[in-house]
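Please walk me through this structure one part at a time.

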Amino acid sequence: MALPIEDYALVGDRGTAALIGRDGSVDWLCLPRFDSPACFAALLGAPDNGRWLLAPADLDGVTTSRTYVGNSAILETTFTTPTGVLVLRDVMPEGDGRADLVRTIRCTEGTVRVRHEWIVRFDYGRVRPWVMRQHVGGQEVIVATAGPDKLMLRGPRLPHANDGRHDDEFDVSAGEEMTFSTTWVRSWRDLPEPLPFDDRIEATRAEHEQWALHCVEDIPHAQLVRRSLLTLRLLTHAETGGIVAAPTTSLPEDFGGERNWDYRFCWLRDAALTLESLLAAGYTEEARDWRDWLLRAVAGDPEDLQIMYTVDGGRQLPERGLPHLPGYEDSQPVRIGNAAVDQRQTDVLGEVMIALEDARNAGIAETTQSWALQRSLVENLAEHWDQPDNGLWEIRGDLRHFTHSRVMVWVAFDRAVKAVEQHGLDGPVERWRTLRDQVCEEILEKGYDAERGTFTQHYDTRELDASLLNISLVGFLPGDDERMLGTIRAIEEDLMHHGFLRRYRTQTGVDGLSGGEHPFLACSFWLVSAYARAGRRDDAHALMDRLCALANDVGLLSEEYDVDGDRMAGNFPQAFSHLTLVQAALALR
């Protein structure tokens, strides 16, 4: 059985990422890319679905502590046992064109008995590979091959074959150190020659530290903000510029239920919001890379715009279940792909236009192609803006006129107008101004409940939605406008659960799904920002402190938090949670 979600940490090489448990087990790793099939999938099943374990053989009486090395993504786990102390270092070296996970064990005190298991199962834990021993560079290695994939295990002491797995136990004493690596290659290619470890790891550490130096310091919870930004960077594919929403699939929003989704793709909304956070914190190179990814991904007819794409900008994300996996805590189905790719989510273009405006304001000049794309998308929106949609939360029920979607339509026209007025770009600004005013009038007439003094989830309900907090965050209304203050009060009354916000009331059936869900962390971070804009700074700081206390021991956050069970829920780590944490901290500067 997998560990609690909060007991995992993330290492990555900006091409993919691994989840490593407090127990020293790599329970999730997709190679060579975030959205590739997993070769270690115990997170959604059992050890026989694939994992890589390095840890004390007997965990009774063992205490464990973890930390990242400085401002890097190099993870160190310290096991203090009754007989000695073992330190495990995990890293995925960057920038060398390889897909390696490197694991080093070092005994610092006494003697520790170590357990080593290497269980490879390709295609999300389904396919047992053909495994053999070979020699590369004069060194014996273990090679696992199936279909298009091949993994090579290298190390000073290799585990033994044992009924479809490889395992070993041995003693390490004070001063002894052993390094192992797993390397992925295409199955038809020759095994790569071994590369030295120390120089590659040091170069990776130095690059992370140098990047972190640019982070803003004069903000609340600066250390956690820095870790959030580093995590967002890890979720950005270095070669393509695509930003994934999370490195995992099917970690449940409702334990034992059906609310299990694949987040290993690039949502335009989530990526744009990530970009806004990075730009606000002083990072501009990522903005240029993402804009170039956007141009490639959405090139073509504006009618074909999707809400999400694969890491390389591909458009095919068919959703299907994996019945061979029991799911995290029996939460089924386990899904890969995402059927929401075909939804209409009218808010997306507004988020994209905000991010690109922020890029312009940061000094990133528009190219002829980049502005032509934005103009084309806005013009297409002008023809269809009044249609109902699935909304921000990918509602799988009936299409609605969601108020948040309408606000983001207003944003798209507003930022297009500003691009012309403030940056001298060319466009039908009078038409866009007229449409902006028309959308504003409609929202205030149909999306506002004057009797209660609050905006509503959609035009045909008096229900609320936490996404309404964005009304002030995107500049539709001032944060201290009475209508905004009333909306905050109503959201507190209807959606607050033990001090944190749910997205909406699932019992209304609006989303077409069974079961419920837990407070959504991004919504509570939005509330921090909304409090700050409303002048409720004491409330903002208090909520920010409580939210930041939910991060696990290495500063990572999931999508939701089960306050009744005091545990994380949903995919992990979740870009949406980390980017809104950054935005909330910046709102409190």
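This is a predicted model: local features need pLDDT of at least 70, side-chain atom pairs count only at pLDDT 80 or more; totals for chains, interfaces and linings use all residues.

The buried residues of helix H11 are covered by, among others, strand S21 (454-455), helix H10 (470-473), strand S22 (496-497), strand S23 (500-501) and helix H12 (521-534). The residues of H11 that are buried are Met-484, Leu-485, Gly-486, Thr-487, Ile-488, Ala-490, Ile-491 and Leu-495. H11 itself runs over residues 482-495, which makes 14 residues. From its first C-alpha to its last it reaches 20 Å, close to the 20 Å expected at 1.5 Å a residue. At the N-terminal end, H11 is capped by Asp-481. A side-chain oxygen of Asp-481 lies 2.8 Å from the backbone nitrogen of Arg-483.

The next helix is H3, residues 222-234. The end C-alpha atoms of H3 are 18 Å apart, which agrees with the 18 Å that its 13 residues should span at 1.5 Å a residue. H3 is mostly covered, with twelve of its 13 residues buried. Among the buried residues of H3 are Leu-224, Val-225, Leu-229, Leu-230, Leu-232 and Leu-234. The list also includes Arg-226, Arg-227 and Arg-233, as well as Ser-228 and Thr-231. What do the buried residues of H3 pack against? They pack against strand S1 (8-12), strand S6 (63-68), helix H2 (198-212), helix H4 (268-280), H13 and H14.

H13 and H14 also pack against each other. Helix H13 covers residues 537-548 and helix H14 covers residues 575-587. The angle between them is about 145°, and their axes are 11 Å apart. The crossing of H13 and H14 is left-handed. On the H13 side, the contact is made by Arg-537, Met-544 and Cys-548. On the H14 side, Leu-581, Ala-584, Ala-585 and Ala-587 take part. These residues of the contact of H13 with H14 divide into six nonpolar, no polar and one charged.

The loops come next. The loop between strand S3 (25-30) and strand S4 (38-40) holds Asp-35. Is Asp-35 buried or exposed? Buried means under 20% relative accessible area. Asp-35 has 14% relative accessibility, so it counts as buried. Its side chain makes a polar contact with the side chain of Arg-33, at 2.7 Å. The side chain of Asp-35 also reaches the backbone nitrogen of Val-311 at 3.3 Å. Leaving aside neighbours within four places in sequence, the residues in contact with Asp-35 are Tyr-124, Arg-264, Phe-265, Thr-310 and Val-311. Pro-32 is also found in the loop between S3 and S4. The peptide bond from Leu-31 to Pro-32 is cis, with omega near 5°.

Another loop, between strand S18 (320-321) and strand S19 (335-336), contains Leu-322. Leu-322 counts as buried because its relative accessibility is 5%. Apart from its neighbours within four places in sequence, Leu-322 is in contact with Tyr-124, Val-334 and Ile-336. Leu-322 and Phe-34 are 288 residues apart along the chain, and their C-alpha atoms are separated by 17 Å. Pro-333 lies in the loop between S18 and S19, and the peptide bond from Gln-332 to Pro-333 is cis, with omega near 5°.

Ser-250 is found in the loop between H3 and strand S16 (266-267). At 0% relative accessibility, Ser-250 counts as buried. The side chain of Ser-250 reaches the backbone nitrogen of Arg-335 at 2.8 Å, and it makes a polar contact with the side chain of Thr-249 at 3.2 Å.

Phi of Asp-163 is near 55°, a positive value in a residue other than glycine. Asp-163 is in the loop between strand S13 (160-162) and strand S14 (165-173), and it is exposed, with a relative accessible area of 71%. Phi of Glu-394 is near 55°, again a positive value in a residue other than glycine. Glu-394 sits in the loop between helix H7 (368-384) and helix H8 (403-423). Glu-394 counts as buried, at 16% relative accessibility.

Terms used:
Residues are numbered from 1 along each chain as its sequence is written. Side-chain values use heavy atoms; hydrogens and water are left out. Axes are lines fitted to C-alpha atoms, for helices over the stretch in contact, and angles run from 0 to 180 degrees between N-to-C directions. Helices (H or I, at least four residues) and strands (E, at least two) are DSSP runs, numbered from the N terminus. A crossing is left-handed if the near helix is turned anticlockwise from the far one by less than a right angle, and right-handed if clockwise. Contact means heavy atoms within 4.5 Å. Ala, Val, Leu, Ile, Met, Phe, Trp, Tyr, Cys and Pro count as nonpolar, Asp, Glu, Lys and Arg as charged, and the others, Gly among them, as polar. The expected span of a helix is 1.5 Å times one less than its number of residues. Buried means under 20% relative accessible area, exposed over 50%, partly exposed in between (1.4 Å probe, protein chains only). A polar contact is a pair of N or O atoms within 3.5 Å; within protein, one must be able to donate a hydrogen and the other to accept it, and residues adjacent in sequence count only if both atoms are side-chain atoms.
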